[in-house]
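Here is a short tour of how the chains of this assembly meet and how some of their parts are arranged. Have the model open beside you as you read.

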Amino acid sequence: MRGFLPAMELQRPASLSEALQMLAAHTGRPFAGGTDLMVVYNAGKLRETRFLDIARLPELQGIRETPEYLDLGALCTFTELLAHPAIHRHFPNLVKSAKATGALAIQNRGTLGGNIANASPAADTPPCLLAYGAELELVSPRGTRVVPYESFHQGYKVMDLAADELVARIRVPKYSDTSVHYFRKVGTRQAQAIAKLSLALVAQVADGCIANLRIGLGAVAPAPVRARHAEGVLQGQPLADLPMVAALEALLADMSPIDDIRSTAHYRSTVTRNLLGQALRTLSATGN
Amino acid sequence: MIGQSAIRKEGRAKVLGATQYTADVPVEGLWRGATVRSDVPRGILRGIHFGEGIPWSEFTVVTAADIPGKNRVASIVADQPFLVGIGEEVMHPEQPVVLLAHPDRYLLEAARKAVRLEIEPLPSVLDMDASLRQDELIYGKDNLLKEIRIAKGDPAPMWETAAFVVEGDYRTGAQEQLYLETQAILAFADTDENGLRITIQGSLQCPYYVHGAIAGLFDLPADHVRVTALEMGGAFGGKEDYPSLIAGHAALLAWKSGHPVRIVYDREEDMAATTKRHPSRTHIKSAFDANGHLLALDVDFQLDGGAYATMSPVVLSRGTLHAAGVYRCPHVAIHGRALATNTPPPGAFRGFGAPQSLFAIERHMDICAQRMGMDPVELRRRNFLCLGDSMATGQVIREDLDLAGLMDRALVELDYDAKRKRFQTENAASPEVCRGVGFAVFMHGCGFTGSGEAKLASVAGLEALPDGRVSVLAASTEMGQGKHTVFAQVAAEALGLPIEFVEVAPSDTSRVPNSGPTVASRSTMVVGKLIQDAAVAFRQGLLQQGLLHEPFTPEAFQAAVRAMLARSGSYKTYAQYHTPPQQKWDDTSYQGDAYPTFTWACYATHVAVDTVTWEVAVEDFVAVQEVGRVINPTLAKGQIQGGVAQGIGFGLWEEVRMQNGRMVNTQLTNYAIPTLADLPEIRVVFLENPHPAGPGGAKGLGELPMNGPAPALLNAVDFAVGPLRLDEVPMTPERLLDRAEEVARG
Amino acid sequence: MAERITLTFTLNGKPQTLAVHPMTRLLDMLREDLGLTGTKEGCGEGECGACAVLLDGRVVNSCLIPALQVEGCDLVTIEGLAMASGLHPVQAALLAHNGAQCGFCSPGMAISAADLLRRCPNPNHGQVKDALSGNLCRCTGYTKIVEAVQAAARSEA
Ligand SMILES: Cc1cc2nc3c(=O)[nH]c(=O)nc-3n(C[C@H](O)[C@H](O)[C@H](O)COP(=O)(O)OP(=O)(O)OC[C@H]3O[C@@H](n4cnc5c(N)ncnc54)[C@H](O)[C@@H]3O)c2cc1C
Ligand code: FES
Ligand code: FES
């Protein structure tokens, strides 16, 4: 333990409004499942010392289903996600990514909101949420605003999130039953692994052509990103004759991978393209 | 008793969580110790600065200037200081410089960060190439920590005349032992009318190594130092030499502060500072005749030994002695060198040099087969050592060795032939995931190398307990391998008692004789044999005194022991190691019997390589070995399975990343050891061929399983997606992708 | 410097009240404040599972939990796993099958395995894998641990 306990503060606001007031007064930063924060604290590298335990705020909990979308509380743990039938029915990529997050003890504790707000480029649910076109509901003492998730991450650990705001809920629109969902994470090992890279793809097929394609990428840019260049090349194209080479080429413009402790830029870029290739082969196979 | 799967003696406490490891022992008035370390590879220590905001007066601070005795850790070469002193040379990053103690762990950590070391930088040597080139002389006159040559016949003429000459270069990386319990030591210092006494308890493999280190550090007589090995949460060689250093640190703090002091490394410190498997590189040149018979081998084997000699001489020795593998070869030249670099010294890790050199030769054999258009099974079959053959050192195989039988058994278990055919067809049809089979045949020398055992002259014994039961006296330590249980089984068998009547005394230097360190796969074979001999003498003594008559019940035995105690107050028997007369070894020429015997094995595996991600999945693994007599099949299987898992990690994933001489991936999140999801069921087969060196015919088996997985896996990967230049472990997906692209580029 | 708080929770079936700093790691609270050293620290970063405990019936890594978040919870540690009648079936099976070698991972492993069998009395291999892949073991290669969990399932079923 390298953190300095005596300097730390952790308080529990009694209500959402109290929490928001405290946030606004800079009394502390949000602390949810702690699975990111405690690691940094243990390593003695946590810069902030004052935290607000938001883990029991009811407004940020629960999963609600409407005909159009699923509304997930920011405090939903991966285990709660995996226990909900609607997730399995409509969002197979979220199932895969939640299952691939850490191992059971992490899934029991880590939250979706924390996964998003921690803003790690290597987080696993964000590429899926990008591909599903999710929206975030942000609350602050000033009120509530809804932002498209694709505009939330703006750079390395830079978010469209004010100091007095909390991620309250995540809304994920349902896709038609004929959609194709692809998600794959490549980690350092088969469980309890942080992603070296990941790719989530969702597409609908209309008249033998790709429609409504979205691709989310993990760990190949300063934040989770949409692969807009590749999407642009593929959107509307016939499944029977996908412009594979052009798409893979375009994907290069969507990435800015680096060499780091987990992998190399070259591996990240090559294998991300390989995953897109695999996803597209899956896609054409469903079209045939 | 021998041959039965007795339940692990200390197992119940372990599953209950009741076992006290070093960090769990409650200690009245405990202070905690911390270490301030260098952050540069090389330089002169000019100053130590204690920063603001810390109540320094509450702390105990120890520097080299405080050391009462020798500031050198007693080892093979006493070259490593406990602490670097002002004006002295810092030889590697993470080198201990200042020690701190305080009762409050949080303040202690804050204080550790507040100490600044002023180090005047010197140019450093960070890899084997730089060391060989002697860019800087950092050690002795040539940067060599140790050099060994083994010669048999004359390979030189063969390079011209042989039908095939195949050369290859191979590399292996550093590997962290990653015992789950980090390094931990507890020290007490007491002064009475006879002077200072130091007591050490801790997670340590070799109580008598620590004992020697502390006696030297404080310049104390032997009986003023007492070292006890507590139950260990794994060690694998990683707690062989490094605990001597930590024990010295904890003892200095305890002595200066007047309080008991515990030092527990956190995972990051443990990863960054403590020993690893030596990185290696090997060049092999081999000559074969037209029928695939090996004619000559020339091996250049190099280890990165870090900044001090520590265990490098003996690791190099074992690596060199295994470099020619399990093959008959008339002309052999092996050149081994351990090179100094300004990096934290590597040390002992299961296998001890052998996994490095055996990776090279077993990978090389497959490559030779490829080049010669031969089946790797057949090539090996033509060259295996047999009864009467001599190895590179001239050691003659005196046992009825059947390596071909061992290999065939492993291949049958794996279903090698059928899989081979099936995978060939399937890989061609669906190249996204390609499967391959591979295997390696190898050995491990049991016990210390060469004259090591003779020099040690270990002693083990038996002691009568007041209730009439018997206690085993040996310094060997329990780190999960099952020594408590196996020793009890051996003694019980020789005494003719059920196992409940035998206890195993704590590994406490004030109570047990020096049976040597718990290393080198020697505990069961060498120490076990001494225990067997001592047990025979124990029983004999009772019979001769007329206190016991055969056949006897356990109760009669107990009564006899109590009668013996009543008569003479105490009753102990001891046995000491003597080299068998036929075993000859010459340290200077490296000729003779390097080991009393070897264990032999063939490991076979089938893997799936995903060519989308270049991840390798191990889908089946079969470990077939001949280990003499198996004393406890369940424990023995556990040893093999655990070793194989570490070997798989070594072969595929575990990579120590260095920057400027420092390990940078010092967390479990970025140093990936296998989880349950990464491993197949590991299938184990024992073939028994009892050997007289060990109790009941047992040989040592602890390290063997580390030697085979890496080459077997890479051979299988090569089958799946090769031929590729698979010359290095760990063969991470990143490397495999690079190798595949190399071929694609042509 | 923050105040200590008074924490109330259930520990191994018994009510417990304790004054602690709210950011004390649950792991340290157990080991140092309560003297329950069966829960181990293998990494302090959530990777190894040696510190696993059951919090409100779910496996969590106690090195990642601040004391405050235990308020009002039901906590079970390895010390509370064994039953009055003796070892918990997973403990008995780990012992019988040599699933504990050095034993350092065993408390966490037993906690995770017990949780699995409660949720899923007859787990298949995939379920065992999902339940235990957050518990690192460096000694066994896991084969004997899986055997033990399956045997415990048979004995419980
Ligand atoms: C061993 C281990 C393995 C892991 N494996 C994975 C993995 O495979 N994939 C993966 O993606 N992640 C992984 N993680 C990271 C982590 O578990 C996830 O990111 C998790 O979702 C974080 O959620 P939390 O509630 O625990 O976050 P916390 O640690 O509580 O918070 C994280 C950050 O988010 C902020 N925050 C939390 N909630 C909110 C909110 N509602 N509004 C605004 N800000 C908020 C906090 O202030 C903090 O900055 C792993 C972690 C560990 C320890
Ligand atoms: S110590 Fe908590 S997971 Fe390793
Ligand atoms: S038994 Fe040693 S770590 Fe599992």
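Let's begin where chain A meets chain B: 31 residues of chain A and 35 residues of chain B take part in the contact. Please keep in mind that this is a predicted model.

- Together, chain A and chain B bury about 2700 Å², and carbon and sulfur atoms account for 48% of that.
- Three residues stand out on the chain A side: R2(A), R189(A) and I261(A) provide 28% of the area that chain A buries against chain B, more than any other three residues.
- Five salt bridges are counted between chain A and chain B.
- R184(A) and E615(B) are joined by a salt bridge between their side chains, at 3.5 Å from N to O.
- Two elements of chain A, β11 (180-187) and α11 (265-287), each give two or more residues to the side that touches chain B.
- Of these, α11(A) makes the largest contribution to that side, with eight residues.
- By residue type, the side of chain A that touches chain B holds 12 nonpolar, 12 polar and seven charged residues.

**Where chain C meets chain B**

- Here 44 residues of chain C are in contact with 53 residues of chain B.
- The area buried between chain C and chain B is about 3900 Å², with 58% of it on carbon and sulfur atoms.
- Six salt bridges are counted between chain C and chain B.
- In a salt bridge between D24(B) and K40(C), the closest N and O atoms are 2.4 Å apart.
- There are also 26 residue pairs in polar contact between chain C and chain B, both residues being at pLDDT 80 or more.
- Five helices of chain C each supply at least two residues of the side that touches chain B: α1, α2 (89-96), α3 (106-119), α4 (125-132) and α5 (143-156).
- The largest share of that side comes from α2(C), which gives four residues.
- Sorted by type, the residues on the chain C side are 20 nonpolar, 13 polar and 11 charged.

**A closer look at K40(C)**

- K40(C) sits in the loop of chain C that runs between α1 (26-33) and β3 (52-55).
- Is K40(C) buried or exposed? K40(C) counts as buried because its relative accessibility is 1%, and the cut-off for buried is under 20%.
- Beyond its neighbours within four places in sequence, K40(C) touches residues of two chains: T19(B), Y21(B) and D24(B) from chain B, and L27(C), R31(C), A50(C), C51(C), F104(C) and P107(C) from chain C.

**The two domains of chain C**

- Chain C is split into domain 1 (5-80) and domain 2 (89-156), and their C-alpha centres are 21 Å apart.
- The contact between these domains involves 16 residues of domain 1 and 12 residues of domain 2.
- They bury about 1000 Å² between them, 65% of it from carbon and sulfur atoms.
- On the domain 1 side, β3(C) gives the largest share, three residues.
- The residues on that side divide into eight nonpolar, five polar and three charged.

**Inside chain A**

- Chain A is assigned three domains: domain 1 (5-50), domain 2 (60-173) and domain 3 (180-287).
- The C-alpha centres of domain 1 and domain 3 of chain A are 36 Å apart.
- Which residues of helix α5 (residues 92-99) of chain A are buried? They are N93(A), L94(A), V95(A), S97(A) and A98(A).
- The buried residues of α5(A) pack against α3 (78-83), α4 (85-90), α6 (104-107), α8 (125-131), β11 and β12 (195-206) of chain A.

Definitions and conventions. Residues are numbered from 1 along each chain as its sequence is written. Chains are lettered from A and ligands numbered from 1 in the order in which they are written. This is a predicted model: local features need pLDDT of at least 70, side-chain atom pairs count only at pLDDT 80 or more; totals for chains, interfaces and linings use all residues. Side-chain values use heavy atoms; hydrogens and water are left out. Domain bounds come from an automatic or database domain assignment. Buried means under 20% relative accessible area, exposed over 50%, partly exposed in between (1.4 Å probe, protein chains only). Contact means heavy atoms within 4.5 Å. Buried area is the accessible area (1.4 Å probe) that two parts lose on being put together, summed over both. A salt bridge is a side-chain nitrogen of Lys or Arg within 4 Å of a carboxyl oxygen of Asp or Glu. Ala, Val, Leu, Ile, Met, Phe, Trp, Tyr, Cys and Pro count as nonpolar, Asp, Glu, Lys and Arg as charged, and the others, Gly among them, as polar. A polar contact is a pair of N or O atoms within 3.5 Å; within protein, one must be able to donate a hydrogen and the other to accept it, and residues adjacent in sequence count only if both atoms are side-chain atoms.
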